[in-house]
Amino acid sequence: MPRLAAVVAVLFAAGACAASGAGHDVLARSKKPTTPQAGAVWVQTMDSCKQALPAATLVLTGAGVSQTATAPSGRKKSVIPKSTCPELRGNCSSVPVGCVTFTGLTAGTYRVTTTHTPPPDRSDPEGFAPCQGGSACRSEVATVVVSAAGAVQGTVTDVYPDGVSETFPASGAFAGTQKDPVVLHDFGMAPPGFAPQCDGDSDADDHLTGNMRGHCGYPEADETTACQPYPWSCAIPAVATAAKPG
């Protein structure tokens, strides 16, 4: 009996040591540094109301990388069939039109701009100008921040013809996911007379496809030096105001 008790005691001690070692191993593994995760961002191009637009080419730059992506060609399609314009959120899961993805992004801040706008169509015979504010928009830039965990936060800033800027979405940020992509709005253009004009003199800021409310007027003295054909996200002078249009 004493010998059996001794054997049991040895086995118990060995098991306890093994369990203790395993516990230390798990603890050691849990303390290993977290490896940064590669991020991905979805972007969708929409018109100034609620339709997704095909075939735009976008470029993402930042953190030492540059990526270019072009959305597939096709027909525009309503993202959410309701009357509110502009539609502030997109959805590349339910409506893949106008969607591109940028992948393998490390932690950092990136910019997304349009290098080739969607092609013309019957409603927009002169094509599109990047931005929400009319045919003489100055710029549209998305700012995308990728965290070490790969999470995305995105906002878009439009600079209108008169220099006033607006940031989308109205509150919070785009998640950059398939169901909540970063949304770029493009304004459809048509010859003067196709729709009510901005200031009625048939120049750069009058190539509209619908009624405009304020901020569509490019400074008259500067129109002869505006990028042609019409600003198309040109380099812009310093903008003093950052107020939302009202």
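Predicted model: local features only at pLDDT ≥ 70, side-chain atom pairs only at ≥ 80, totals over all residues.
Residues are numbered from 1 along each chain as its sequence is written, and side-chain values use heavy atoms, with hydrogens and water left out. In brief, you will find an open sheet of 6 strands, a count of 4 disulfides and an arginine, R138, over the face of Y218.

**The sheet**

- Strands here are DSSP runs (E, at least two residues), numbered from the N terminus, and two of them pair if DSSP finds at least two bridges between them.
- The open sheet has 6 strands, running in the order β4-β3-β7-β9-β10-β11 with antiparallel pairing.
- At its edges sit β4 (65-70) and β11 (165-168), each of which pairs on one side only.
- From one strand to the next, the twist averages 20°; axes are lines fitted to C-alpha atoms, and angles run from 0 to 180 degrees between N-to-C directions.
- β10 (residues 152-159) pairs with β11 in the antiparallel sense over 4 bridges.
- On β11, E166 is the bridge partner of D158.

**The disulfides**

- The count is 4 disulfides, where a disulfide is a pair of cysteine sulfur atoms within 2.5 Å.
- One of them joins C49 to C85, with an S to S distance of 1.8 Å.
- C49 lies in the loop between β1 (39-47) and β2 (51-52), and C85 in the loop between β5 (77-78) and β6 (99-105), so this pair ties together parts that are 36 residues apart in sequence.
- C85 is partly exposed, at a relative accessible area of 41% (buried means under 20% relative accessible area, exposed over 50%, partly exposed in between, with a 1.4 Å probe and protein chains only).
- Another disulfide is formed by C92 and C99, whose sulfur atoms are 2.0 Å apart; the link is left-handed, with -95° about the S-S bond.
- C92 is buried at 2% relative accessibility, and C99 is buried with a relative accessible area of 10%.
- C198 and C216 also form a disulfide, with sulfur atoms 2.0 Å apart, and their link is right-handed, with 95° about the S-S bond.
- This pair links distant parts of the chain, 18 residues apart, with C198 and C216 both in the segment after β12 (182-188).
- C198 is partly exposed at 22% relative accessibility, whereas C216 is buried at 6%.

- R138 is found in the loop between β8 (128-130) and β9 (139-146), and it counts as buried because its relative accessibility is 9%.
- R138 lies over the face of Y218, at 4.9 Å from the ring centre; the rule asks for NZ of Lys or CZ of Arg within 6 Å of the ring centre and within 35 degrees of the ring normal.
- R138 and Y160 are 22 residues apart in sequence, yet 5.8 Å apart in space, C-alpha to C-alpha.

**Around G217**

- G217 is in the segment after β12 and counts as partly exposed at 27% relative accessibility.
- Leaving aside neighbours within four places in sequence, G217 is in contact (heavy atoms within 4.5 Å) with P161, D162, C198 and D205.
- From G217 to G134 there are 83 residues in sequence and 8.5 Å in space, C-alpha to C-alpha.
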